[in-house]
Amino acid sequence: MTRARLDSRSREQVFPTLVGAGVPTLKGWGAAVSAYPRAVNVRHAQGLLVSLVEETRSMTCLSVCVPVLFRKRKKPLVPGNWIRFDGHRLVAEDFVVDFQGRPTWQGTLTQKDVKGFRASKVSLLKEALLMKGREGGFLGLLRGDKTDNPFVRKAVQVLSGVQNAPTPAAGLKVFSSLVGLGPGSTPSGDDFITGVLLGQETLTLLRFGEAKAVAATQETMIPWPAEKQELRAAVNRTNDAGKTLLCQALRGHFPNYLIEMLRSVSDAEGKEEIAM
C-alpha cells in the first residue's frame, strides 16, 4: 500500500501494554523489515529499528509491547509494510497503535536493580556466562585460551590497545573499533560494548566503597572519558540492529533482558540462578 492511501484509510485502534520512551519522539515514515512470531522490526528513516513485541521481557526504549498484534489477524504486518510515526501513535494499513495514557518503559537502571551487587558477584557472572553462554561471538574472551575465532583474536588486540593507550580518549578511540565486529544479527562487538556500558552504569549506582571493590576485582577496566564522541561516531559502522542497541546504551537505556539478568546476578547465590 502507498503512503497516500495509508494516510486516507480508516483503521482499527489498538492499545499497547507498554511504550518505549524513545518511540513517541520519532516522526516520519518507516517500513517493516523483519517479522517473527513474537516481534516485528520496523526501520525508521533515521536507521533505527523500532520493535513491536508481544512480551514485556523484549522491551527496549525503542519498543512497543502490543500483544494483540500477535494474536490471529487477517493481515499481520509483513516486511515491506509502511508505518507512519506520528508522535503519540503508530499508523499502519489496518490499525493505529495509540500511545496516549499508556505506561512508558525507560530501560534505565535504578539502585533497586543493583541492590545486592557486590564484588563476589563478578566471578559468579563470569561462571554463569561460561556455563550458559552461546558458542561463537566473544565467549572466547572469558575462556582466555587460544582460539581460531578471528573475531576473538581481533577483540583481544583491541582490548590490549585500550589498556596501552596514553589517555582515556585515545583508549576509547581504539575501543570503538569493536563496533560492528563479529557475527550475529547484532554483531558481537556491539553486544560487548553494551555490556561494558551496562557495567559502567552499574558502578555509578553502587555505593562508593562497593563500586571500588568491584572495580578492584578486574584486571582490566575500560577508562571512559566523560564524553564518548568516538563511540557515538562509530555507531554508523554497524548494522541497523547494532546501531539501535548502541544508540540506546550510550544514553543509559538498556534492553529489559539485560536489566533482568543484572537483577538476577544481584540476587543470585549460585551461577545456576542467573537468568540468561
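The legends below describe close-up views of a predicted model. Residues are numbered from 1 along each chain as its sequence is written, and side-chain values use heavy atoms, with hydrogens and water left out. Local features need pLDDT of at least 70 and side-chain atom pairs count only at pLDDT 80 or more, while totals for chains, interfaces and linings use all residues.

**View 1. Strand 3 and its two partners.** Strand 3 (residues 27–36) runs antiparallel to strand 7 (residues 82–86), and five bridges join them. Two strands are taken to pair if DSSP finds at least two bridges between them. Strands are DSSP runs of E with at least two residues, helices are runs of H or I with at least four residues, and both are numbered from the N terminus. A hairpin of two residues connects strand 3 to strand 4. In a regular strand the side chains alternate between the two faces of the sheet.

**View 2. V91 in strand 8.** V91 belongs to strand 8 (residues 89–91). V91 has a relative accessible area of 1% and is buried. Buried stands for under 20% relative accessible area, exposed for over 50%, and partly exposed for values in between, with a 1.4 Å probe and protein chains only. V91 and W29 are 62 residues apart in sequence, and their C-alpha atoms are 9.5 Å apart in space.

**View 3. Salt bridge between R57 and E260.** The closest N and O atoms of R57 and E260 are 2.9 Å apart. A salt bridge is counted when a side-chain nitrogen of Lys or Arg lies within 4 Å of a carboxyl oxygen of Asp or Glu, and seven salt bridges are found by this rule. R57 sits in the loop between strand 5 (49–53) and strand 6 (63–65) and E260 in helix 10 (residues 256–267), so the pair ties together parts that are 203 residues apart in sequence. R57 is partly exposed at 36% relative accessible area, and E260 is partly exposed at 27%.

**View 4. Salt bridge between D113 and R263.** The side chains of D113 and R263 meet at 2.7 Å, N to O. This pair links distant parts of the chain, 150 residues apart: D113 is in the loop between strand 10 (104–105) and helix 2 (120–132), and R263 is in helix 10. D113 is buried, with 6% relative accessibility, whereas R263 is partly exposed, with 36%.

**View 5. Further salt bridges.** D86 and R89 form a salt bridge whose closest N and O atoms are 2.9 Å apart. D86 is partly exposed at 26% relative accessibility, and R89 is partly exposed at 26%. A network of salt bridges links R38, E54 and E55.

**View 6. The second largest pocket.** This pocket holds about 210 Å³ of space. On a 1 Å grid over the protein atoms alone, a pocket is an open set of points where a 1.4 Å probe fits, with protein on both sides within 12 Å along at least five of seven lines. Grid points are joined across faces, edges and corners, and the volume is the space filled by probe spheres set on the points. The lining has 13 residues, and G22, L48, L62, Q248 and R251 lie nearest the centre; lining residues have an atom within 4 Å of a point. Six lining residues are nonpolar, six polar and one charged. Ala, Val, Leu, Ile, Met, Phe, Trp, Tyr, Cys and Pro count as nonpolar, Asp, Glu, Lys and Arg as charged, and the others, Gly among them, as polar.
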